[in-house]
Amino acid sequence: MSLLDIEDVSVDYRIGSGSLRAVDHVSLRVEQGEALGIVGESGCGKTSLGLAVPMLLPANASISSGSISLGGRELVGMSERELNQLRWTEVAFVFQGAMNALNPVQRVDRQILEAITAHDSHADREVAGARVLELLELVGIAAARAKSYPHEFSGGMRQRAMIAMALACRPSLLIADEPTTALDVISQAQILALLDSLRRSEGLSLMMISHDLSAIKRVCDRIVVMYAGVVVESGTTEEVLGRRGRPAAAQHPYTKALIAAHPDLGGARSLAQGLSGHPPDLSVPITGCRFADRCDSAMEICREQAPASLSVSPGHVAACHLARRLVP
Ligand SMILES: Nc1ncnc2c1ncn2[C@@H]1O[C@H](COP(=O)(O)OP(=O)(O)OP(=O)(O)O)[C@@H](O)[C@H]1O
Ligand SMILES: [Mg+2]
């Protein structure tokens with residue numbers, strides 16, 4: 001049984017008198033101890049999908065189809081009380097831009113302490129205090145810095161503190177939404193190395209949301225590529241993005257365009273150079289392939305019929321009319 005099993009999930013937002021489908025019948029799994037990366041350009045539904053797991057979507061959102069099971073327990077339809085018991089203890093979330101959301105007038109150790117006591121009101125203060133220092137050490141912040149205010153930390157340290165807070169109640173799954181965006185390259189590399197080492201030392205499973213393919217390649221075992229609310233390709237990072245001399249075997253033209261836009265992955269163009277136009281408007285029904293208008297290889301069928309997911313090799317799936325099974 002997978003740790004996280006998302007099956008056919010759709011997320012709708014009410015906007016004015018209409019609605020917008022940000023996530024459209026998405027299925028994915030995260031196995032115990034695995035790191036899964038979700039990639040795609042801005043607005044493709046990554047955050048909406050991530051927030052759906054701990055049911056932290058905004059008030060105008062609803063999950064209109066599917067099921068989300070965590071450790072064998074169904075989360076869709078679960079009471080707020082039950083969800084509160086699972087949040088942070090089973091699944092923790094590092095929010096997009098969270099490092100700027102630390103309380104500016106409270107010392108960092110105190111904020112982490114409150115994260116512990118909020119979930120365990122009977123926690124012994126001394127034990128909880130020791131746990132705070134242990135957590136900070138785990139993310140590479142020396143005990144001597146524990147009593148700092150957030151503004152005394154660099155961006156990288158604030159992000160480490162947020163990760164420490166997310167780990168306060170020993171969750172089995174950490175969902176990190178753009179954990180390295182807005183950091184300088186050195187801090188980015190350090191946060192990625194931290195997430196990678198936490199997986200190993202804490203047995204943590206990871207769902208890492210990022211628009212940065214090289215970050216996903218650095219940390220994740222598998223990758224899910226989203227475009228306009230749907231999964232267009234998924235597979236091992238090794239197969240999809242290539243590794244150790246093995247060329248990328250991405251099948252979907254959108255994944256190929258993302259790879260071509262990443263200098264670290266051998267690409268040279270920017271995404272804007274490689275892809276003209278914009279993703280489709282999600283508030284109106286879409287016929288055919290969502291990527292067709294931007295795809296150089298689009299055929300007539302692409303505008304008429306949404307492509308089914310094809311298993312191109314074991315564990316590698318692409319939703320494109322042009323996708324073909326890989327010959328081993
Ligand atoms: N609270 C909201 N109300 C209405 N629409 C929303 C809301 N939040 C997100 N959306 C819309 O849902 C779609 C998916 O947004 P989402 O934030 O999930 O994308 P994302 O992939 O995380 O993008 P980014 O890379 O910019 O963070 C977008 O069209 C967005 O405008
Ligand atoms: Mg987002």
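How much area do domain 1 and domain 2 bury between them, and what percentage of it lies on carbon and sulfur atoms? In this predicted model, the two domains bury about 2,000 Å² between them, with 60% of that area on carbon and sulfur atoms. The size of an interface is often expressed as the accessible area lost when the parts come together. The points below describe how the interface is built.

**Domain layout**
- The protein is divided into domain 1, covering residues 4-220, and domain 2, covering residues 224-318.
- To the contact, domain 1 contributes 28 residues and domain 2 contributes 25 residues.
- A distance of 26 Å separates the C-alpha centres of domain 1 and domain 2.

**Residues that lose the most area in domain 1**
- Glu41, Leu213 and Lys217 are the residues of domain 1 that lose the most area to domain 2.
- Together, Glu41, Leu213 and Lys217 account for 35% of what the domain 1 side buries.

**Charged and polar pairs**
- Between domain 1 and domain 2 there are 2 salt bridges.
- Glu41 forms a salt bridge with Arg294, and the closest N and O atoms of this pair are 3.1 Å apart.

**Make-up of the domain 1 side**
- The elements that give two or more residues to the side of domain 1 touching domain 2 are the strands β2 (18-30) and β3 (35-39) and the helices α1 (46-52) and α7 (213-219).
- Strand β2 gives the most to this side, with 9 residues.
- By class, the side of domain 1 that touches domain 2 comprises 14 nonpolar, 8 polar and 6 charged residues.

Methods: Residues numbered from 1 in each chain as written. Chains lettered and ligands numbered in written order. Predicted model: local features only at pLDDT ≥ 70, side-chain atom pairs only at ≥ 80, totals over all residues. Heavy atoms only, no water. Domains from an automatic or database assignment. Contact = heavy atoms within 4.5 Å. Buried area = accessible area lost by both parts, 1.4 Å probe. Salt bridge = Lys/Arg side-chain N within 4 Å of Asp/Glu carboxyl O. Helix = DSSP H or I, 4+ residues; strand = E, 2+ residues; numbered from the N terminus. Nonpolar A, V, L, I, M, F, W, Y, C, P; charged D, E, K, R; others polar.
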